[in-house]
Amino acid sequence: LLAACRCGAWYDDPGDSDAALDEAYALAKRAVELDNNESTCFSILAQTCMLRHSYDLTLQHARRMIELNPSNQWNMADMGIMQLYVGHTEGALDWLRRAREVDPYFDPPWYWRSLGQTLMTLHRYEEAVAMFDNLPAHRYRAAALRAGCHARLGQAEQARASAAACLATFEMPSRTTATTSSDNAPSTRRSTGPTKVSRGTLASPELASDTTSRTRCRRVGAD
């Protein structure tokens, strides 16, 4: 949980320091040392490695997560996100779909966004838009992703409307705001913070926000 919160603080910080992410990594490793039979610990460690661009370690810890609890829908979705992040798109789609097969009622907002992003990567834009339609309308990230899909489909009017909706709902937090939020509690669910593209376009505070609801992340990461 502490590691997830520090990942959220790193993500929310508009600066370039990786101190919070380094602290998250140390905490996640410590969690695994304390309980090496808890799949959630390996999930958070894997996603922290993912944000650090340590992809071999990401997959190593993710595989251990699945070994410990292979029928858990959260683990399946987490694996899907990590597979997408490292470029295994078809595998990502399979894992994400398996999560819903195990639990048809599994539908956290970040799940639909991740599934939509996977379909975008596969150039299946119409299907991706359908996934993004499951997201809350006021989320700027959802609007941005819809705009991209509509643009790829040559639907200029819809793309402009989605882009306008994105700009209307986006607010870049100041350093003071980010510091305040990370000092208290992570923002709610794979969230609305600014995307640090240089740190990975899939990265988001979802990891931290997830922990508030199930003591774990889900894509160290609420869209």
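Predicted model: local features only at pLDDT ≥ 70, side-chain atom pairs only at ≥ 80, totals over all residues.

Visitor: Which secondary structure elements does the protein chain have?

Guide: There are twelve helices and zero strands. Of the 223 residues of the chain, 52% count as buried. The accessible surface comes to about 10,100 Å², and carbon and sulfur atoms hold 51% of that.

Visitor: How do you know that the length of helix H3 agrees with its number of residues?

Guide: Helix H3 covers residues 39-51, which is 13 residues. At 1.5 Å a residue they should span 18 Å, and the end C-alpha atoms are 19 Å apart, so the two agree. The expected span is 1.5 Å times one less than the number of residues.

Visitor: What makes you say that Glutamate 38 caps H3?

Guide: One of its side-chain oxygens lies 2.9 Å from the backbone nitrogen of threonine 40, at the N-terminal end of H3. The cut-off for a polar contact is 3.5 Å, so a pair at 2.9 Å falls within it.

Visitor: Why is H3 called mostly covered?

Guide: In H3, 13 of its 13 residues are buried. The largest nonpolar core has 49 residues, and Met65, Ala77 and Tyr111 are among those with the most contacts inside it. H3 gives this core its largest share, eight residues. In soluble globular proteins, nonpolar side chains tend to be buried together.

Visitor: Methionine 120 is also listed among the residues with the most contacts in that core. Which residues does methionine 120 touch?

Guide: Not counting residues up to four places away in sequence, methionine 120 touches Tyr125, Ala128, Phe132, Leu145 and Cys149.

Visitor: Why is threonine 58 called buried?

Guide: Its relative accessibility is 0%. Buried means under 20%, so threonine 58 counts as buried. Threonine 58 sits in helix H4 (residues 55-68). Leaving aside neighbours within four places in sequence, threonine 58 is in contact with Ala46, Cys49, Met50 and Met82.

Visitor: What do the buried residues of H4 pack against?

Guide: They pack against H3, helix H5 (73-85) and H6. Besides Thr58, the buried residues of H4 include Leu59, His61 and Met65. The 14 residues of H4 should span 20 Å, and its end C-alpha atoms are 20 Å apart, so this helix agrees with expectation.

Visitor: Why is histidine 53 called partly exposed, and why is histidine 123 called exposed?

Guide: Histidine 53 has a relative accessible area of 39%. Histidine 123 is at 58%. Exposed means over 50%, so histidine 123 counts as exposed.

Visitor: Where are these two histidines found?

Guide: Histidine 53 is in the loop between H3 and H4, while histidine 123 lies in the loop between helix H7 (109-121) and helix H8 (125-132). Histidine 53 has a positive phi of about 65° although it is not a glycine. Histidine 123 likewise has a positive phi of about 65° without being a glycine.

Conventions:
Residues numbered from 1 in each chain as written. Heavy atoms only, no water. Helix = DSSP H or I, 4+ residues; strand = E, 2+ residues; numbered from the N terminus. Buried < 20%, exposed > 50% of the residue type's maximum accessible area, 1.4 Å probe, protein only. Contact = heavy atoms within 4.5 Å. Polar contact = N/O pair within 3.5 Å; in protein donor to acceptor, adjacent residues only side chain to side chain. Areas by Shrake-Rupley, 256 points an atom, 1.4 Å probe, with all protein chains shown as cover. Core = buried A, V, L, I, M, F, W, Y, C linked by side-chain atoms within 4.5 Å.
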